[in-house]
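The sequence and structure are shown first.

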Amino acid sequence: MNSTTEVPVSLAASLPAPVPLPEPLRIAVIVGSNREGRFGPVVAEWLLGRIRDRADLAVDVVDTADVHLPTALSHSPSAEVTAELGKVTPHLAAADAFVVLTPEYNHSFPASLKTLIDWHFHEWRAKPVAFVSYGGLSGGLRAVEQLRQVFAELHAVTVRDTVSFHNAGASFDDQGRHKDPSAPDAAAKVMLDQLAWWGLALREAKSVRPYGG
C-alpha cells in the first residue's frame, strides 16, 4: 500500500514559496596584536572554532603580524606599502562584518591594530564590529571601550556584547582549550548572534539604498 500523501493542486498553488536562506555572512576576524610571544593566536583559534560551528557565518582571518604597514600615513603610498595593503585591504572590503581580537597594552589597544584601522576608511563603513578581548584583571575591556570610539568615527556599528578573558593565560590549557568553556561559549553565541543580525540587516539595507553618511 502506498502511504504517500499527495497535496491537491489547488492547495499546492496556494502554499507560499520557500524562502531562500541568505548567503552566509562574511566575517573577518582581525588579530590585533603582532607582539613577539603574543597570546592572541590561542584566543583566535578558540574564537574560530565558535564561528566555524555556524552555517550562517563564513570566516576569514586578518592577522596584523602578517602585514607590515608604516605608522606614517600617505595618500600616495610607495610600491612597498601598496603591496602590504594588497595583503589585507581586499579581505576587509569583502567582509560583511568584523570581529576584532585585541589585548590591552597600557590601558589601550596595540599600535599594530590602530595602524591597520587608520590605513582604511571605506572598508569599515556601515558594517558591524564585535570585540573579543583578553588581558589581566581588566580582560582588555578598556581597550574595547576606546575602540568603540574609533569605529564610531569610521561609520561602523559596534555590537553591545563582547567576550572578555580575564587572566587569559591561566584560562587555557597547553593545547589551547579553555578550561571552563561554558561561560565564554555562551558569551560568544550572544555576541555572534548580535553580529549576524546587524550584518545581515546592514547588508540588505545597502543592497536597497547605498550608505551615504
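## Charge over a ring

The charged end of Arg35 sits over the ring of Tyr105, at 4.8 Å from the ring centre; the criterion is NZ of Lys or CZ of Arg within 6 Å of the ring centre and within 35 degrees of the ring normal.

The model is predicted: local features need pLDDT of at least 70 and side-chain atom pairs pLDDT 80 or more, while totals for chains, interfaces and linings use all residues. Residues are numbered from 1 along each chain as its sequence is written, and side-chain values use heavy atoms, without hydrogens and water.

## Aromatic pairs

The whole structure contains eight aromatic pairs, defined by ring centres of Phe, Tyr and Trp (its six-membered ring) within 6.5 Å, with planes under 30 degrees apart stacked, over 60 edge-to-face and the rest tilted. The Phe39 and Phe172 rings form an edge-to-face pair, because their planes are at 65 degrees, with centres 5.8 Å apart. Phe39 lies in the loop between strand 1 (25–31) and helix 2 (40–52), and Phe172 in the loop between strand 6 (163–166) and helix 6 (182–208), so the pair ties together parts 133 residues apart in sequence. Helices (H or I, at least four residues) and strands (E, at least two) are DSSP runs, numbered from the N terminus.

Ring pairs link Phe39, Trp46, Tyr134, Phe165 and Phe172 into a cluster.

## Annotated region

Over residues 26–168, the chain is 35% helix and 24% strand.
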